[in-house]
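Please read the following report alongside the sequence and the coordinates. It takes up selected local features one after another.

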Amino acid sequence: MAARYIVSACLAGEHCRYDGGDNTCARVTRLVEEGRAIPACPEQLGGLDTPRSPCERVGDRVMNRDGHDVTLAFEQGAARAVELARQGGCTAAILKSRSPSCGFDRIYDGTFSHALCAGDGVWAAMLRAEGFVLYSEEQLPPEA
């Protein structure tokens, strides 16, 4: 049986990026159209507006560029997105690289200078802890 994916909604063409844009990935969009993937934006699920101030992880916290701590919104949205994945029978995720929610292995370092550091976004960390297999738009699963 083919894997079922939870995917970053911005990769599926939804305008949910911090700046109101998207990061459309044709292969992810196709998976959603085929019913093999469910889009979710944990930042919106956590109650953050679109557009919104850019955010980055600073240690265990998530801060926006204006200096406000938005960790709780990120955590609540990530938990809701994990629940959507479970309800949808997903076992893997295709996530937006470098994001403070969705990035894994390498994320922006919290200085808002486009520098990267080792780490996972809030949602990616939760998915990893729940046993989901993680992919990004830069390294898609072979069957996608």
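## Basis of the description

The model is predicted, and for that reason local features need pLDDT of at least 70 and side-chain atom pairs count only at pLDDT 80 or more, while totals for chains, interfaces and linings use all residues. Residues are numbered from 1 along each chain as its sequence is written, and side-chain values use heavy atoms, with hydrogens and water left out.

Helices (H or I, at least four residues) and strands (E, at least two) are DSSP runs numbered from the N terminus. Strand 5 is covered on both faces, with A92 and I94 buried on one side and A93 and L95 buried on the other; here buried means under 20% relative accessible area, exposed means over 50%, and partly exposed lies in between (1.4 Å probe, protein chains only).

Two strands are taken to pair if DSSP finds at least two bridges between them. Strand 5 pairs in the parallel sense with strand 1 over 3 bridges, and it pairs with strand 8, also in the parallel sense, over 4 bridges.

## Helix 3 and its buried face

Helix 3 (residues 71–87) has 17 residues and reaches 24 Å from its first C-alpha to its last, close to the 24 Å expected at 1.5 Å a residue; the expected span is 1.5 Å times one less than the number of residues. Its buried residues are T71, A73, F74, G77, A78, A81, V82 and A85. Seen down the axis, these buried residues fall within an arc of 165°, so they line one face of helix 3, where the arc is that of the directions from the helix axis to the C-beta atoms. On the other side of the helix, L72 and Q87 are exposed.

The buried residues of helix 3 pack against several elements, among them strand 1, strand 2 (37–40), strand 3 (55–58) and helix 4 (122–129), with contact meaning heavy atoms within 4.5 Å. Just after helix 3, G89 takes a positive phi of about 75°.

## The aromatic pair

A search of the whole structure finds 1 aromatic pair. The rings of Y5 and Y135 have their centres 6.4 Å apart and their planes at 75°, so the pair is edge-to-face. By definition, rings of Phe, Tyr and Trp (its six-membered ring) pair if their centres lie within 6.5 Å, and planes under 30 degrees apart count as stacked, over 60 as edge-to-face and the rest as tilted.

The pair links distant parts of the chain, with Y5 in strand 1 (residues 5–8) and Y135 in strand 8 (residues 133–136), 130 residues apart. Y5 counts as buried at 0% relative accessibility, whereas Y135, at 22%, counts as partly exposed.

## Two buried polar residues

N64 is found in strand 4 and counts as buried at 11% relative accessibility. A polar atom of its side chain lies 2.9 Å from the backbone nitrogen of D66; a polar contact is a pair of N or O atoms within 3.5 Å, and within protein one must be able to donate a hydrogen and the other to accept it, while residues adjacent in sequence count only if both atoms are side-chain atoms. Not counting residues up to four places away in sequence, N64 touches S53, P54, C55, V70 and F112.

T29, in helix 1 (residues 26–33), is buried with a relative accessible area of 18%. Residues up to four places away in sequence again being left aside, T29 touches L11, A12, G13 and T24.

## Backbone features in the loops

Most residues other than glycine have a negative phi, and most peptide bonds are trans. A cis peptide bond joins T50 and P51, with omega about 0°, and P51 has its place in the loop between helix 2 and strand 3.

D105, which is not a glycine, has a positive phi of about 75°; it is found in the loop between strand 5 and strand 6 (106–108) and is partly exposed, with a relative accessible area of 45%. H114, also a residue other than glycine, has a positive phi near 70°; it is found in the loop between strand 6 and strand 7 (116–118) and counts as exposed at 65% relative accessibility.
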